[in-house]
Amino acid sequence: MPQSSVRRAAGAFALLVAAGALSSLPLSSAYADPVPTNVTVNTRAGLATVADTALGVNHAIWDSELGTTAVSDLLGAAGVGMVRYPGGSYADIYHWQTHTAPGGYVAPNTDFDTFMAGAKRIGAQPMIIANYGTGTAQEAADWVRYANITKGYHANWWTIGNENYGNGHYGTAWEADDHADKSPKQYAEEVVAYSQAMKAVDPNIKIGAVLTTPANWPDALVGGGDAGSWNQVVLSIAGPSIDFVDLHWYPGGNGEADALTKPGQIDDIMYVARDQIAKYAGAGSGRIGISLTETNVGVGQNTQPGALFLAQTYSAMIENGVFTVDWWDVHNGIGTVSTVAGQTDYGDFGMLSSGNCTSDGTVCEPAKNTPFAPYHALKLMHSFARPGDQLIRAGTDDPLVAAHAARRANGDLTLLLVNMDPANSHAVKIAYDGYTPSSAAPAVESYLNGASGITSAQTGTAAAQTLAPYSLTVLTLHPATSQANAPKAPGRPSTTAVTDRTATLTWPASQAGVKYEVYRQVGARSEQLGETTSTSYTAGNLTPGTRYTINIVARDGSGRASWSSPPLTFRTGAPATSTCSVKFADANDWGNGYVGNIDITNTGTAAINNWTLTFSWPTGWQSLSSGWNGTWTQTGATVRVTPADFNTNLAPGATTSIGFVGAYSGPNILPAAFTLNGNVCSAG
């Protein structure tokens with residue numbers, strides 16, 4: 001989005017008030033935590049593989065430094081593999097042939113060829129936004145022809161529009177849109193037309209459609225006359241014509257501590273996004289990728305909160321298979337100046353200084369192109385996760401310390417540790433499941449609060465480190481023994497049948513003469529469900545309405561284990577038959593709450609007297625606000641309903657209807673299993 005349109009989404013109040021208060025303490029008060037934080041690194045719990053486009057940024061036509069050698073060299077040093085152009089909401093007013101953006105400012109020397117020269121200089125791929133708001137499918141097709149036929153740029157990634165749900169259809173307008181019909185149906189039909197016209201020129205390009213990010217406005221809202229939410233309608237119509245979907249994420253936050261909890265929602269955000277794609281995009285929807293082409297923190301944009309947020313957001317999104325995460329943006333300009341954790345924050349959403357001053361001239365940024373904290377975090381990400389690395393599950397027992405890990409083809413392992421405590425050092429004790437590191441001191445790279453760059457050393461051990469306050473640390477470890485002859489990893493598993501209690505899994509073979517171990521991810525640990533010499537396995541004793549993430553590991557006769565397979569995530573459902581049936585519907589959703597309607601039917605042969613219904617919220621940010629036609633209570637994540645005076649007894653075949661208002665401050669995953677008097681009900 002353009003610099004005048006960056007929004008700070010309101011975030012729910014979170015976590016540790018004390019942690020927020022600590023930000024006012026001087027760093028001289030820092031002390032080593034006497035109780036070490038336990039970190040677990042689990043190579044059996046494989047996640048996604050890092051794409052060569054994973055580390056990305058936005059470049060904009062109003063940025064006079066676009067494509068300059070100085071900027072390109074900085075982006076290249078940070079490992080940037082994707083650069084987005086022509087810049088957020090400007091894309092929907094930009095006409096590439098004339099290099100104009102009516103109603104906006106276009107800086108000199110920022111045309112498409114200049115942009116491509118900068119991208120080529122660092123070996124990055126472009127992400128190009130075709131003008132949907134004021135453009136046409138023909139204009140976009142002509143751009144593809146110029147880029148890939150005339151110039152031979154091999155520009156593969158094209159998104160249709162920017163934030164087109166912000167065109168006023170839901171009551172708020174910031175995105176240009178000249179179409180008389182501003183509905184998601186119109187957008188989706190135009191995406192199909194754009195895709196057909198553009199792929200007629202170059203069938204090898206990838207086309208992306210704009211979606212709303214789960215739990216962010218206007219996700220789940222249904223506009224007047226629409227058949228569903230923006231995502232439902234767009235995917236239902238355009239799904240067969242697209243190759244990826246494009247998300248933006250500005251989670252905001254109530255202060256630094258709260259903002260830094262937001263990346264904890266990413267696993268659920270991505271689960272909901274993939275569920276929507278699978279549900280609405282039609283046959284073969286598994287081919288559809290996901291990009292996150294704009295993100296930034298809600299506070300401390302160019303100081304340490306920005307750096308810590310970037311590292312966690314990029315890591316978690318890439319863990320979930322997002323093929324590019326693009327920071328907003330390279331340059332943006334000075335905003336509201338404040339002091340954050342002892343450092344001057346210029347309120348600048350740019351990664352590099354614009355070198356400008358406040359309107360009254362009292363405060364100026366450092367020299368143009370001086371890197372801000374998020375740039376150093378991106379550079380450290382380049383050390384942590386490189387193309388071809390497989391990210392693996394890591395976790396801690398301390399909410400102020402986060403961990404992410406990756407393993408490399410040569411057997412090395414990297415570990416990213418994030419200390420979100422602004423005042424205190426934290427000692428960490430690190431345990432490894434399925435990996436034995438060398439006893440040599442690891443290579444350690446760190447970015448500290450207020451530092452002008454990354455420091456490198458060989459210090460501590462693979463099992464113990466001390467993290468400075470408000471810091472990012474990357475360890476690079478070598479294996480104790482060679483893994484050259486280990487079996488190759490099995491392919492991604494899939495399900496052929498899932499019930500309430502069982503799931504049948506299959507996967508591509510690793511190699512002959514191995515056995516396969518089937519693991520379930522449980523936090524940062526793995527629980528072995530079983531083993532087999534075949535390439536299929538039926539897991540039993542599962543819990544209804546529960547999400548499972550599964551990995552397969554191959555082991556040869558000498559005991560050598562392969563890398564983990566890519567993960568498979570699925571959710572068990574309700575039983576096919578039961579003595580009760582529950583029909584559940586999200587009847588009306590307004591973005592942070594909804595009305596849930598529940599119809600309970602006695603499908604047995606005996607009367608049910610004085611019933612009790614229970615279900616559990618799938619996430620920690622869902623809660624019960626009120627309910628009717630029964631007495632509603634919530635304890636922890638469990639909701640319990642007992643009958644009102646008029647619906648105490650249910651005769652065979654009888655139905656009673658109850659309902660509630662639910663609230664949520666993160667991705668709203670609906671409950672999938674309901675228990676009546678101890679019996680799990682079938683789905684109505």
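Helices α6 (residues 230-238) and α8 (residues 266-280) pack at an angle of about 45°, their axes 9 Å apart. The angle makes α6 oblique to α8; oblique covers what is left after roughly parallel (under 35 degrees), roughly antiparallel (over 145) and roughly perpendicular (65 to 115). Axes are lines fitted to C-alpha atoms, for helices over the stretch in contact, and angles run from 0 to 180 degrees between N-to-C directions. Helices are DSSP runs (H or I, at least four residues), numbered from the N terminus.

This is a predicted model, in which local features need pLDDT of at least 70, side-chain atom pairs count only at pLDDT 80 or more, and totals for chains, interfaces and linings use all residues. Residues are numbered from 1 along each chain as its sequence is written, and side-chain values use heavy atoms, without hydrogens and water.

From α6, N231, Q232, L235 and S236 meet Q276, I277 and Y280 of α8. Contact means heavy atoms within 4.5 Å. The residues of this contact divide into three nonpolar, four polar and no charged.

Helix α9 (residues 304-319) packs with helix α10 (residues 373-384) at about 35°, with axes 7 Å apart. The residues of α9 that meet α10 include L310, A311 and Y314.

The largest nonpolar core holds 110 residues, and W158, M198 and L472 touch the most other members. Such a core is a set of buried Ala, Val, Leu, Ile, Met, Phe, Trp, Tyr and Cys residues joined through side-chain atoms within 4.5 Å, with buried meaning under 20% relative accessible area (1.4 Å probe, protein chains only). Helix α9 gives the most to this core, nine residues. A second, separate core of 22 residues includes V582 and L650.

Note on methods. Helix = DSSP H or I, 4+ residues; strand = E, 2+ residues; numbered from the N terminus. Nonpolar A, V, L, I, M, F, W, Y, C, P; charged D, E, K, R; others polar. Buried < 20%, exposed > 50% of the residue type's maximum accessible area, 1.4 Å probe, protein only.
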